[in-house]
Amino acid sequence: MGLSVPKFSSVVILADSYWDSLTYHAQNMATEFLRHNYPVYFIERLPQRMPRMRFSDLKQWLFKKGYGNDTIINPRPSNLTVLGFRSLPPARWLRTLNRAILRKAFAPHLQKLRNSTVLLISYAPTYTQIDIASIIKPSETVYVSVHNYDASTVLPDLLKAELEIINSRAILAADSDFNAKRLKRLDTHNKVVYRLAPGVDYNLFKTASTGKPTHYKKLYYFGGIGNHLNLEIYNTLAQTLDVTFIGVIDENVKPYISQKIKLLLPVPVRELPSLIAPADMLGIFYKKSPYIDGVIPAKFFECLATTKPLLVSGMEETKQY
């Protein structure tokens, strides 16, 4: 993954995603450690903001187990433990209650973790991370920055906690040049910031290659389908091309997707190459924004691995490629 670490007894990953979901950096990181026979504890996404006071949002926050639907069931090797539990938003005034929830969640694993050399890798820089570290007492902590929180709607306490983590003993890493520069700016100790590779399975996605297209009629996109996508481009192209979306659709954008675009449910990552193989080209069209300026999605590298023509827009980080 671009960062060399010594031998640890186990790895705890505090993720910004769910195990059974579209594949993001945290799952790719976990997969690398699993492949090298490390016991991995994958803590699924925990709250980063207060839920809005609409009934539908509260219901989702309280009862929804994961992101998307039940069509994605990713493999769970024997050395993987997935911890999915409810916690409160990571506000400072809720820390006492959150610590109680965390202690209960970790209780079955606590003795094993405390008696081993633990590496904690966090994608969620919250007070929850700080409290988890105080409970499991890792030998080393790595904070991986994959979000520009300065341009995101998160709790102000998250930014305070992130600053505390950045200026602690934690090793700092980022998935993009933008996020790496942001960490350097916030770090007062002038530490090295490691630039991590995406860790995608290039050999897997290479199987989607069908050689040079004889025509350019079918355009595919896979991944999250939400407000970050420039739907105007996809809708315009759908007037003359066969456009297919594969992924989880945000209900807020569903009415704005052209009826000419074919919609397919998401699938586990190992099934994705065969699903996108018929594509003549792939397209990742994002809306340019201060937040997207720091984004370089893993799917960008997965698309490159297919050797199919790739069209992109809105992402500053992809220009170097």
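Helix H1 buries His 25, Ala 26, Gln 27, Asn 28, Met 29, Ala 30, Glu 32, Phe 33 and Leu 34. That is nine of its 11 residues, so H1 is largely enclosed by the rest of the structure. The model is predicted. H1 also gives the most residues to the lining of the second largest pocket.

**Helix H1**
- The cover over the buried residues of H1 includes strands E1 (10–14), E2 (40–43), E3 (80–83), E4 (118–122) and E5 (140–145).
- Helix H10 (298–305) is also among the covering elements.
- Asn 37 follows H1 and has a positive phi, near 70°.

**Second largest pocket**
- The volume of this pocket is about 430 Å³.
- Its lining has 20 residues, with Thr 31, Arg 35, Asp 201, Val 269 and Arg 270 nearest the centre.
- Two or more lining residues come from each of H1 (25–35) and helix H7 (202–206).
- H1 supplies six residues.
- By type, the lining holds nine nonpolar, six polar and five charged residues.

**Sheet**
- Seven strands form an open sheet with parallel pairing, in the order E3-E2-E1-E4-E5-E6-E7.
- E3 and E7 (193–195) are the edge strands; each has a single partner, so one side of each lacks a neighbour in the sheet.
- From one strand to the next, the twist averages 20°.
- E1 and E2 run parallel, joined by four bridges.
- Val 12 has Tyr 41 in E2 as its bridge partner.

**Helices on the sheet**
- Helix H3 (residues 95–114) packs on the sheet and touches E1, E2, E3 and E4.
- The direction of H3 makes about 145° with that of E2.
- Helix H6 (residues 177–186) lies across E5, E6 (171–174) and E7, at about 150° to E6.

Key
Residues numbered from 1 in each chain as written. Predicted model: local features only at pLDDT ≥ 70, side-chain atom pairs only at ≥ 80, totals over all residues. Heavy atoms only, no water. 1 Å grid on protein atoms, 1.4 Å probe; cavity = no way out; pocket = protein on both sides within 12 Å on 5 of 7 lines; lining within 4 Å. Points joined across faces, edges and corners; volume = space filled by probe spheres on them. Nonpolar A, V, L, I, M, F, W, Y, C, P; charged D, E, K, R; others polar. Buried < 20%, exposed > 50% of the residue type's maximum accessible area, 1.4 Å probe, protein only. Contact = heavy atoms within 4.5 Å. Pairing = 2+ DSSP bridges. Axes fitted to C-alpha atoms, helices over the stretch in contact; angles between N-to-C directions.
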